[in-house]
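Please walk through this model with me, from backbone geometry to core, sheet and salt bridges.

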Amino acid sequence: MKIETLTLASATPVADDVVVHRDVMVRMRDGVHLATDIYRPAGVETPLPVIFERTPYDKSGTPRTEFSVNAPTPMSRPNLAIYLARKGYAVIWQDCRGRYKSEGVFTKYLSEGEDGFDAMKWIASQPWQNGRVGTMGLSYDAHTQMAMACLNPPGLTCMAVDSGGFSNAFTCGIRQGGAFEMKQATWAYHRGIEAGDATAARAIEAENLHDWFGAMPWTKGRSPVRWNPEYEDYLLEQWQNGTFDDFWKKVGIYAAGYYDVFPKVPTIFMSSWYDAYVHTTLENFTGLKGDPDRPLALIMGPWTHGNRSRSLFGDVDFGPEATFDGQIDESWLAYREKWFLRWLKDDQSAQQAGRVHLFLMGTGPGGKTAAGNLNHGGRWIESTDWPLPEAQPLDLYLTPQMSLARDPVAQGTISYDYDPAHPVPTIGGSLTSGEPIFTGGGFNQVEAEEFYGCTRPGMPLNARLDVLSFETEPLAEDTAVAGPVEVELWVSTDAPDTDFTAKLVDVYPPCEDYPRGYALNITDGIFRCRYRNGFDRPELVTNGETFRISITPFATANVFKKGHRIRLDISSSNFPKYDVNPNTGEPEGTSRRRQIALNTIHMGAKRPSRIKLAVIPAGT
């Protein structure tokens, strides 16, 4: 591959003290050229450390991550580049393959490893850089970092991986528990408009996305994205590949397969409890921790995806400490500046590695804020590791009396009909990219017109016959849950395949502001029964078979206060967060039929269905 170098003379001034090489077309190994902008301090001949970000969201645009409560106006990528160049860095933005000004065909996630490596190789050849490259980016821009890091590119020195960077896209990000995440469908719809020609863009925009969500699963030529075949093709490929095989073990969507050879570079992993990448972030941290040559930092806030400059998420206010600025009295930009200062410029005073910052939700007074939202509150805690070393297990067992008990009780069962034509609607949660179909965050689990699929506004979600709510007695003391969550169920079904869902809920008692109390969603998960023997070995269910499944909702950190109840909701759908299982056993994402499944939960000493939590001292 021919390497071309840039000279200062070829740059254009963008400020008195910063120049840019705009739309440099960097050649990849297959001949495709990617549009790249390089910002440098004007007149500086000394080789500089580099800050590099690859994005599908327009290298000249405005990322929502670059602002704080102290500076609420988002900073565009060019202005951020100028800011960092003034700090003594060469700053590089690159459009991903097939996006904006870059050549090639966009196939979501799967080109980012090789393209990132080739771009890093090009950077390493340039005389104006000193061999040290730090990477950063949110969401897809986190995925691009982890993808290229799996191939050990030259010059990679440190990373700031924000709310993304697939550890295993089959278990978080594209699929969960075997089910397909519908944020992939909404993302393809919106990005397909951006990437299409004018005719295709008008055609996709003319489609009614709400109506199309009622006509799933989509198939080739029968979707609102059909006007942009590239985007429809990759979406359906991910949707219909329902076995964890070599398709899912590719660079770009399976960093966990590369942990043993992953570069030893300092890395920040950051996400938030209502983000779609909780499991990804924590799995990457735990999979890569422990090597002194790879110092790590972990940050988990109460936010939704990338929205760390405010305290309100959904209908819940997490209090004045909830912003990133409220964590350590500095912005996310300032935090990254210190990270790059330490690892790109050897400033020993800017040490942040080895620190785990977690937001413990639920320490607020309850009731409504002046703005009318739940005053759930919370505060930051700090540790040296995740899972928290001081955490102790708490198992709560499901009972036929719909309670949660400390010990297994006499054997019993509860059955319900799951009708895929009438799925349980999604009311908040760990979501992103769902506009205008769904939204993330904390909400009272009560049906409302604002949520897709709700047909009985004002009715509690657990008034449905297909939602089983198991709850504790009112708690005698504050109970701080902080760690992984697992729901182990013994189940049976008369269908060849079906799903089971689990949702952890913090139940507030009635008060003046909330006469019926408030049922706040904390975390949720799903499991598709054909994968009970392993995600690599789907097998249809035999009628009458009773078997154990494990649902793994995202980890969390929440104080269930004295007088509250811990509740576990079990059902078989959560739409439109996840795709709906038609119960027919047909290949993933292809069925045109539906059937009602009779699903049963088994309980007792011999079949101990339970939720497994981790608790820490409430005063931690």
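Y109 counts as buried, because its relative accessibility is 2%; buried means under 20% relative accessible area, exposed over 50% and partly exposed in between, with a 1.4 Å probe and protein chains only. Y109 is not a glycine, yet its phi is positive, about 80°. The residue is found in the loop between β5 (90-95) and α2 (112-124). Helices (H or I, at least four residues) and strands (E, at least two) are DSSP runs, numbered from the N terminus.

This is a predicted model, in which local features need pLDDT of at least 70 and side-chain atom pairs count only at pLDDT 80 or more, while totals for chains, interfaces and linings use all residues. Residues are numbered from 1 along each chain as its sequence is written, and side-chain values use heavy atoms, with hydrogens and water left out.

D23 also has a positive phi without being a glycine, at about 55°. It lies in strand β2 (residues 18-27). D23 counts as partly exposed, because its relative accessibility is 24%.

Two cis peptide bonds come next. One joins M216 and P217, with omega about 5°. P217 is found in the loop between α6 (209-213) and α7 (229-240). Another joins W386 and P387, with omega about -5°. P387 is found in the loop between β16 (378-383) and β17 (392-398).

The largest nonpolar core has 172 residues. Such a core is a set of buried Ala, Val, Leu, Ile, Met, Phe, Trp, Tyr and Cys residues joined through side-chain atoms within 4.5 Å. The residues with the most contacts inside it are F213, W218, W273, L489, F500 and I570. Helix α10 (residues 332-345) gives the largest share of this core, 7 residues. Leaving aside neighbours within four places in sequence, L489 is in contact (heavy atoms within 4.5 Å) with partners including L398, F500, F547 and I570.

What does the side chain of Q445 reach at 3.1 Å? It reaches the backbone oxygen of I427. The side chain of Q445 also makes a polar contact with that of N521, at 3.2 Å. A polar contact is a pair of N or O atoms within 3.5 Å; within protein, one must be able to donate a hydrogen and the other to accept it, and residues adjacent in sequence count only if both atoms are side-chain atoms. Q445 is buried, with a relative accessible area of 2%. It lies in the loop between β19 (412-418) and β20 (468-471).

The structure holds 37 salt bridges. Each is a side-chain nitrogen of Lys or Arg within 4 Å of a carboxyl oxygen of Asp or Glu. E112 pairs with R54, the closest N and O atoms being 2.8 Å apart. E112 lies in helix α2 and R54 in strand β4 (residues 48-55), so the pair ties together parts that are 58 residues apart in sequence. E112 is buried at 2% relative accessibility, and R54 is buried at 1%.

K289 forms a salt bridge with D385, again with closest N and O atoms 2.8 Å apart. This pair ties together parts that are 96 residues apart in sequence. K289 is partly exposed at 32%, and D385 is partly exposed at 23%. D569 and R567 meet at 2.9 Å, N to O; both are buried. Finally, salt bridges that share partners join R175, D499, R528, D579 and E588 into one network.
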